Structure formats: C-alpha cells, structure tokens
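Trainee: Please show me the model, and let us go through its side-chain contacts.
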Amino acid sequence: MTNLKAIALPLLLAFSLLHFPFSESAWFINYHIHIRNDLPLLTTSPETPNLFLDCKSTGKDVGDKLMLVKQDYTWDTKINFARSTHFYCNARWVDHKEITFDAFRAKRDESRCKKYHNSCMWSVRSDGIYFSNNNATWQNEYPW
C-alpha cells in the first residue's frame with residue numbers, strides 16, 4: 001500500500017503538469033496595463049500635462065506620472081500565487097476631478113485581459129475611466 005502511495009502522488013503531479021502546461025499558467029503570463037490620457041484639451045496648451053496618475057500595489061509603486069493629452073502610461077505585472085495581485089491608480093484631471101480606480105485585479109482581469117495580447121487597456125476621458133480588452137470597444141467602468 002505504501003508503494004502505491006509513493007507512485008500515485010508523482011503520477012498525479014506529472015498528469016497535472018501535462019494537463020495544465022506552464023506556458024498557459026496565469027503565474028507565468030506578463031500582463032500589460034495601459035492607461036491613455038484621452039481627456040479633452042481645454043484652455044491649456046498641448047505641451048501642458050492635464051492628467052496626474054499615481055499607480056501602485058501593496059508591494060510595488062510604479063510611480064507618479066504627469067501626462068500630456070494622448071500620452072500612454074504602461075507597466076507590466078505577473079499574477080502572484082495567491083491571485084491577489086492588485087494595482088490601483090489615483091487619477092487627477094488637473095483643476096477638474098479626481099478618482100481612484102483598480103487598474104489590475106488578478107481575479108477580475110486575468111481572463112478578460114488575455115483576449116488582447118495580455119493587455120488591460122484604460123482610457124481616461126471627460127466622463128470617466130474606460131476599459132477595453134480589445135482596443136476597439138470601450139466601457140465606462142469608473143464614472144467621475
């Protein structure tokens with residue numbers, strides 16, 4: 001009986017690895033988070049930043065960014081073993097509005113962001129923060 005247990009566990013492990021290849025495992029995928037400034041240019045010049053972003057997770061601060069119109073802010077992440085990877089951003093439309101939103105939540109985004117090159121696409125607009133997983137259709141997920 002002991003020999004059966006000693007053989008069964010490695011076989012079960014080997015079968016699991018063959019059934020779920022490492023290349024498809026969420027822990028090995030590099031996810032790309034893109035945040036684009038699609039706010040309208042109001043009275044300032046195109047060379048004046050009108051969006052301030054501060055993005056971070058519990059273990060990583062990806063930094064502050066002053067963004068010009070049509071500028072893209074991008075970083076990559078992998079999902080941790082507990083699937084608790086979470087990046088949030090504070091977006092401030094200079095002299096107008098401010099909001100904090102979840103830019104990447106592993107349990108919410110691992111499936112939907114795989115559809116377009118493992119990318120989560122965000123667009124900051126005058127009526128809110130929009131999400132797309134195909135860079136064609138957009139949904140306002142965080143109204144101002």
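Mentor: We can begin with W122, which counts as buried because its relative accessibility is 1%; buried means under 20% relative accessible area, exposed over 50% and partly exposed in between, with a 1.4 Å probe and protein chains only. This is a predicted model, in which local features need pLDDT of at least 70, side-chain atom pairs count only at pLDDT 80 or more, and totals for chains, interfaces and linings use all residues. Residues are numbered from 1 along each chain as its sequence is written, and side-chain values use heavy atoms, with hydrogens and water left out.

Trainee: Which aromatic cluster includes W122?

Mentor: Rings of Phe, Tyr and Trp (its six-membered ring) pair if their centres lie within 6.5 Å; planes under 30 degrees apart count as stacked, over 60 as edge-to-face and the rest as tilted. The cluster that includes W122 is formed by F101, W122, F131 and Y142.

Trainee: Which residue lies over the face of F131?

Mentor: A charge sits over a ring if NZ of Lys or CZ of Arg is within 6 Å of the ring centre and within 35 degrees of the ring normal. At 3.6 Å from the ring centre of F131, the residue is R112.

Trainee: What is the handedness of the disulfide of C55 and C89?

Mentor: A disulfide is a pair of cysteine sulfur atoms within 2.5 Å, and C55 and C89 are joined at S to S 2.1 Å. Both cysteines, C55 and C89, are buried. The torsion about their S-S bond is about 115°, so the disulfide of C55 and C89 is right-handed.
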